[in-house]
Amino acid sequence: MATNATHHTNHPLPAGTILIDRFRILKTLGKGSFGVVYQVADEQTQIVYALKAFKRKFTSWEQAMRNAEVKAMIGLKHPNIVTCWEVIRHDDCLYMLFELLDMDLYRMMQMRKLNDDPFSHEEIRHIIMQVASALDYIHTHGFFHRDIKPENILI
């Protein structure tokens with residue numbers, strides 16, 4: 001039986017837990033200083049998403065909307081930036097619902113190295129151009145990504 005939970009911790013909740021009376025946690029994708037990212041399935045549609053649960057409490061919608069990440073993700077639409085489908089505040093918890101991209105550049109590099117299949121110069125150029133295009137777009141809109149690294153470049 002699945003449990004219904006509210007997320008006020010930086011400790012991941014177990015698979016099967018229901019968040020926001022709507023999303024079943026399938027697995028934890030990552031944990032950072034601001035919260036936890038889960039792979040979740042919408043209980044009604046069965047569509048699978050990435051759901052970021054913030055550690056900090058947000059006692060009002062106005063407070064949530066002042067969060068820099070929320071402001072950025074609501075306003076930025078670009079083919080090389082992950083899509084944020086919804087921002088949800090439930091029981092003083094803030095969640096961001098994203099399209100699920102199941103690979104990051106770091107893991108892809110590791111897999112390619114293990115298979116003795118290095119990136120070609122053309123592939124490297126293509127990846128760098130996409131990252132540069134996204135960074136140019138966010139900088140033009142007054143935002144800065146402060147944690148560019150292969151683990152944060154989703155493929």
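Which residues are linked with Arg-22 in a network of salt bridges? Select Arg-22, Asp-42 and Glu-86, and you have the members of that network on screen. A salt bridge here is a side-chain nitrogen of Lys or Arg within 4 Å of a carboxyl oxygen of Asp or Glu.

Before going further, a word about what you are looking at. This is a predicted model, in which local features need pLDDT of at least 70 and side-chain atom pairs count only at pLDDT 80 or more, while totals for chains, interfaces and linings use all residues. Residues are numbered from 1 along each chain as its sequence is written, and side-chain values use heavy atoms, with hydrogens and water left out.

**Stop 1: the whole protein**

Zoom out and show the cartoon. Follow the chain from the N terminus and the elements come in the order β-β-β-β-β-α-α-β-β-α-α. The C-alpha trace spans about 50 × 40 × 30 Å along its principal axes.

Now colour by pLDDT, the predictor's confidence in each residue, from 0 to 100. The mean for the protein is 91, and 94% of its residues reach 70 or more. Where is confidence lowest, and where is it highest? Strand S1 (residues 4-5) has the lowest mean, 60, and helix H4 the highest, 97. Where pLDDT is low, the predicted coordinates should not be read in detail.

Of the 155 residues, 34% count as buried. Buried means under 20% relative accessible area, exposed over 50%, and partly exposed in between (1.4 Å probe, protein chains only).

**Stop 2: salt bridges**

The structure holds 9 salt bridges. Go back to Arg-22 and Asp-42, whose side chains meet in one of them at 3.1 Å, N to O. Arg-22 sits in the loop between strand S2 (18-19) and strand S3 (23-31), and Asp-42 in strand S4 (residues 35-42), so the pair ties together parts that are 20 residues apart in sequence.

Next, select Glu-43 and Arg-24. They form a salt bridge too, with the closest N and O atoms 3.0 Å apart. This pair links distant parts of the chain: Glu-43 is in the loop between S4 and strand S5 (48-54), and Arg-24 is in strand S3, 19 residues apart. Glu-43 is partly exposed, with a relative accessible area of 31%, and Arg-24 is partly exposed at 29%.

For another kind of pairing, move to helix H4 (residues 121-140) and select Glu-122 and Arg-125. Their side chains meet in a salt bridge of 3.3 Å, N to O. The two are 3 residues apart in H4, which means about one helical turn separates them. Arg-125 counts as partly exposed at 47%.

**Stop 3: helix H2**

Select residues 68-75, which make up helix H2. Which of its residues are buried? They are Val-70, Ala-72 and Met-73. Look down the axis of H2: these buried residues fall within an arc of 165 degrees, so they line one face of the helix. (The arc is that of the directions from the helix axis to the C-beta atoms.) Among what covers them are helix H1 (61-65), strand S6 (84-90) and strand S7 (93-98).

Now select Asn-67, which caps the N-terminal end of H2. One of its side-chain oxygens lies 2.9 Å from the backbone nitrogen of Glu-69.

**Stop 4: helix H3**

Move on to residues 105-114, helix H3. At its start, a side-chain oxygen of Asp-104 reaches to within 3.0 Å of the backbone nitrogen of Tyr-106. Just after H3, look for Asp-116, which takes a positive phi of about 50 degrees.

**Stop 5: the cysteines**

How many disulfides does the structure have? A search of the whole structure finds 0, where a disulfide is a pair of cysteine sulfur atoms within 2.5 Å. For Cys-84, the nearest cysteine sulfur is that of Cys-93, 16 Å away. Cys-84 is buried, with a relative accessible area of 10%, and Cys-93 is buried at 1%.

Technical notes: A polar contact is a pair of N or O atoms within 3.5 Å; within protein, one must be able to donate a hydrogen and the other to accept it, and residues adjacent in sequence count only if both atoms are side-chain atoms. Helices (H or I, at least four residues) and strands (E, at least two) are DSSP runs, numbered from the N terminus. Contact means heavy atoms within 4.5 Å.
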